[in-house]
Amino acid sequence: MGPYRRTAAQPAVTAAELAALDAQISACRACPRLVAWREEVAAVKRAAFRDQEYWGRPVPGFGPADARILVLGLAPAAHGGNRTGRIFTGDRSGDVLFAAMHRTGLANQPTSVSRDDGLTLRHVRIAAAVRCAPPDNKPTPVERDTCAPWLHREVTLLRPTLRVVIALGAFAWSAWWPTLSTVYGVRPPVPRPAFGHGALFRPGDTAGAVPALLGSYHVSQQNTFTGRLTPAMLDDVLRQARELAGLD
Ligand code: SF4
């Protein structure tokens, strides 16, 4: 899997390095259950999308190689990222997330519908802790751990500029701790800080070389339709991330 360590003193990753990692991720077949599920969904399709060719593969991260903020989700949606090939693209969760990113100056447009829709992000990269769509949105612990090295490699590449990680939901929050130890060599605190909307863990690194972790309720329909997560709440988290990342 290659070296995990890249110090802040090293030059920023090139877009080509990240693109090469994305291509490797897109070809991964390490989890038999998830490979079978993502491909079955891609073959059967949802009626509304029956004329489209589904991606049906792992969904890599999206956003620039010099990102200062990483938005970390759980996994691609079966008929969203697994259909379009771009994370949070083509589903209701993405509608909420990208509208907020556009309002807060992190995206050039408020919608994300397909890989060729012209969307570009500024200062932020989006990735999932598990790269394949899981049945019922629930990866097993083994699948979570099998996929973790992809996140570790991505964070290693982003490390020179990365300053804040936004964990969308408790799954992503807990996925960060092994990344912290593997990539940064920082032992996670015991007990681990609890996830919550607005929860903030700052590693006490005054140089800012180890990213802060900021919690947000996930942008799932379950949260946004019920008002548990409102657009204003999401905007606040993104603005706080901008501030922590030194963008404002
Ligand atoms: S979930 Fe991750 S490790 Fe498993 S097959 Fe998909 S990309 Fe590979």
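## Backbone features in loops

Pro 191 lies in the loop that runs between α6 and β4 (200–201). In this predicted model, the peptide bond leading from Val 190 into Pro 191 is cis, and its omega is near -5°. Although Lys 45 is not a glycine, its phi is positive, at about 65°. Most peptide bonds are trans, and most residues other than glycine have a negative phi.

## Packing of α5 with α6

Two packed helices are described by the angle between their axes and the distance between the axes. For helix α5 (residues 141–158) and helix α6 (residues 170–184), the axes come within 9 Å and cross at roughly 60°. That angle makes α5 oblique to α6, since angles of 65 to 115 degrees would be needed for the roughly perpendicular class. The crossing of these two helices is right-handed.

On the α5 side, the contact involves Arg 144, Leu 151, His 152, Val 155 and Thr 156. Their partners in α6 are Phe 171, Ala 175, Trp 176, Pro 178, Thr 179, Thr 182, Val 183 and Tyr 184. By class, the residues of the contact of α5 with α6 comprise 8 nonpolar, 4 polar and 1 charged.

## Packing of α1 with α5

Helix α5 also packs with helix α1 (residues 15–26), at an angle of about 175° and with the axes 10 Å apart. The two helices are therefore roughly antiparallel to each other, a class that covers angles over 145 degrees.

From α1, the contact draws on Glu 17, Leu 18, Leu 21, Gln 24 and Ile 25. From α5, Trp 150, Arg 153, Glu 154, Leu 157 and Leu 158 take part. The contact of α1 with α5 has 6 nonpolar, 1 polar and 3 charged residues.

## Packing of α4 with α8

Between α4 (92–103) and helix α8 (residues 231–244), the packing angle is about 55° and the axes are 9 Å apart. This makes α4 oblique to α8, and α4 passes α8 in a right-handed crossing.

The residues of α4 in this contact are Val 96, Leu 97, Ala 100, Met 101 and Arg 103, while α8 contributes Pro 231, Leu 234, Asp 235 and Leu 238. Sorted by class, the contact of α4 with α8 has 7 nonpolar and 2 charged residues, with no polar ones.

## The largest pocket

The largest pocket has a volume of about 660 Å³. It is lined by 28 residues, of which Ala 77, Asp 91, Ser 93, Asn 137 and Ser 220 are the closest to its centre. Two or more lining residues come from each of the elements α4 and α6. Helix α6 supplies the largest share of the lining, with 3 residues.

In the lining of the largest pocket, 14 residues are nonpolar, 9 are polar and 5 are charged.

## The cavity

A search of the whole structure finds 1 cavity of 30 Å³ or more. The largest cavity has a volume of about 100 Å³. Its lining consists of 15 residues, and those nearest its centre are Cys 28, Cys 31, Cys 132, Cys 147 and Trp 150. Trp 150 is also one of the α5 residues in the contact with α1.

The elements that give two or more residues to the lining of the largest cavity are α2 (32–44) and α5. By class, this lining divides into 11 nonpolar, 1 polar and 3 charged residues.

Terms used:
Residues numbered from 1 in each chain as written. Predicted model: local features only at pLDDT ≥ 70, side-chain atom pairs only at ≥ 80, totals over all residues. Heavy atoms only, no water. Axes fitted to C-alpha atoms, helices over the stretch in contact; angles between N-to-C directions. Helix = DSSP H or I, 4+ residues; strand = E, 2+ residues; numbered from the N terminus. Parallel < 35°, antiparallel > 145°, perpendicular 65-115°, else oblique. Left-handed = near helix turned anticlockwise from the far one by under 90°. Contact = heavy atoms within 4.5 Å. Nonpolar A, V, L, I, M, F, W, Y, C, P; charged D, E, K, R; others polar. 1 Å grid on protein atoms, 1.4 Å probe; cavity = no way out; pocket = protein on both sides within 12 Å on 5 of 7 lines; lining within 4 Å. Points joined across faces, edges and corners; volume = space filled by probe spheres on them.
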